[in-house]
Amino acid sequence: MLDMLTIIVPVYKIKEEFLRYCIESLLNQGRKDYKIILVDDGSPDNCGAICDEYAEKNSILTVIHQKNQGVSVARNNGIKATDTKWLSFVDADDWVEDNYIDELYKELNGDAADADVVMYEYSREFSSSRSEESLNIESGYLDNGILELVRKSTFYKLAIDGKYNPYSVIAIWNKIYRTEFLAENDLWFIPEARKGQDRLYNADALNSTSKIYYLHKVFYRYRCWEESRTNRYDKNVPVLTAIEIKSLQSIIKKHNLQNIADEYLKCRICTRLYTCMRLYYFNDNNGKTLKEKISDVKKLVHSEPYKEALKSVNLRLLNTQEKIFVLCMKSKLYRVVYMLVKAKSESTKKKLN
């Protein structure tokens with residue numbers, strides 16, 4: 001196995017200028033001893049041709065064309081094609097810093113040489129602003145205290161010293177993985193999980209090792225824009241949420257985390273319930289009447305695992321907005337929830353623009 005890094009980029013229906021900017025940022029590095037795998041997930045537009053265009057001119061870049069099977073299968077096929085010691089993932093609408101490879105190789109060949117996972121910092125990029133996110137610790141291996149918090153946070157969110165930290169532990173694009181570690185632990189993306197894939201992958205991966213190295217440097221630029229897949233109307237979100245929750249339950253059982261993670265999982269179930277309200281049930285693109293929408297919501301919240309989660313969730317772990325949502329759902333104030341979702345949607349649009 002080559003002592004190098006492979007960067008895996010799933011590609012599907014990305015704006016041409018975003019895709020080109022992403023690829024060129026990956027190619028615009030100070031050294032060339034690394035590989036890039038672009039996985040065209042049967043994109044119906046010009047994305048596949050753009051990938052081939054760059055591959056013809058750059059020997060470090062290869063393209064895998066597959067029929068549309070989702071980002072999880074695309075990433076898995078990228079992993080299968082990797083023959084290097086390390087691998088990372090980049091989303092096709094994001095970009096990396098010019099010193100990405102240089103700086104990472106210094107760490108991977110130095111202090112982080114024994115790590116199974118290397119985490120680094122990033123920024124969220126809006127149209128007119130940016131927000132850098134960090135664990136606010138120095139570079140080095142995670143000590144037992146922060147390690148436990150990081151592992152537990154994969155089932156809900158990260159809290160350090162009782163305060164919420166927005167750093168995305170669950171993201172895969174702010175990490176480097178040792179390829180042999182992934183193989184030894186049989187770590188793959190779940191094809192059926194078209195929502196929350198990153199969370200599921202890292203919930204399993206980060207609970208499979210204690211050798212996690214943190215790099216206190218910003219390398220990754222995460223593009224936030226309104227039509228992102230995380231903000232679109234999706235009629236399938238209830239089914240996909242059920243898949244995510246079932247998968248998280250399996251991971252908890254696999255790693256014997258019932259006493260540690262069950263409380264966090266109930267919080268996650270409640271927040272996913274809110275996502276169902278935002279992206280489907282109370283979304284403007286849902287053509288049903290409000291009365292019909294509320295009827296559907298009632299059926300959902302009286303089913304498991306939502307019924308039990310709403311009943312026994314630890315409100316102290318939730319932020320103010322989440323508490324209000326849960327209390328409204330428990331009190332059957334569905335019209336209030338509808339108004340909250342509308343207000344949140346408008347707020348998100350303003351932030352992204």
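Visitor: At the start of helix 5, which backbone nitrogen does a side-chain oxygen of D143 reach?
Guide: That of G145, to within 3.1 Å. Helices here are DSSP runs of H or I with at least four residues, strands are E runs of at least two, and both are numbered from the N terminus.

Visitor: What are the ground rules for this model?
Guide: This is a predicted model, where local features need pLDDT of at least 70, side-chain atom pairs count only at pLDDT 80 or more, and totals for chains, interfaces and linings use all residues. Residues are numbered from 1 along each chain as its sequence is written, and side-chain values use heavy atoms, with hydrogens and water left out.

Visitor: Back to helix 5. Which of its residues are buried?
Guide: I146, L147, V150, K152 and S153. Buried means under 20% relative accessible area, exposed over 50%, and partly exposed in between, using a 1.4 Å probe and protein chains only.

Visitor: What do those buried residues pack against?
Guide: Strand 9, helix 7, strand 12 (212–223) and helix 9 (258–281). Contact means heavy atoms within 4.5 Å.

Visitor: And helix 4, how many of its residues are buried?
Guide: 7 of 9, so helix 4 (residues 100–108) is mostly covered. The buried ones are Y100, I101, E103, L104, Y105, E107 and L108. Their packing partners include strand 1 (2–11), strand 4 and strand 6 (117–125).

Visitor: Switching to charges. How many salt bridges does a search of the whole structure find?
Guide: It finds 22. A salt bridge is a side-chain nitrogen of Lys or Arg within 4 Å of a carboxyl oxygen of Asp or Glu.

Visitor: Which side chain does D83 meet in a salt bridge?
Guide: K35, at 3.0 Å, N to O. D83 lies in the loop between helix 3 (71–80) and strand 4 (84–89) and K35 in strand 2 (residues 35–41), so the pair ties together parts 48 residues apart in sequence. D83 is partly exposed at 35% relative accessible area. K35 is also partly exposed, at 26%.

Visitor: What about K157, buried or exposed?
Guide: Buried, with a relative accessible area of 15%. E322 is buried too, at 17%. Their side chains meet in a salt bridge at 3.1 Å, N to O. That pair links distant parts of the chain, 165 residues apart: K157 is in the loop between helix 5 (144–153) and strand 9 (159–160), and E322 is in helix 12 (residues 320–330).

Visitor: Which partner does K288 have?
Guide: D296, in a salt bridge at 2.6 Å, N to O. K288 is partly exposed at 35%, whereas D296 is buried at 17%. Elsewhere, salt bridges that share partners join E97, E125, R130, E132 and R221 into one network.

Visitor: New topic. At what angle do the axes of helix 7 and helix 8 cross?
Guide: Roughly 5°, and the axes of helix 7 (residues 197–206) and helix 8 (residues 237–254) come within 10 Å. That makes helix 7 roughly parallel to helix 8. Axes are lines fitted to C-alpha atoms, for helices over the stretch in contact, and angles run from 0 to 180 degrees between N-to-C directions. Under 35 degrees counts as roughly parallel, over 145 as roughly antiparallel, 65 to 115 as roughly perpendicular, and the rest as oblique.

Visitor: Which residues meet there?
Guide: R199, L200, A203 and D204 in helix 7 meet E244, S247, L248, I251 and K254 in helix 8.

Conventions. Polar contact = N/O pair within 3.5 Å; in protein donor to acceptor, adjacent residues only side chain to side chain.
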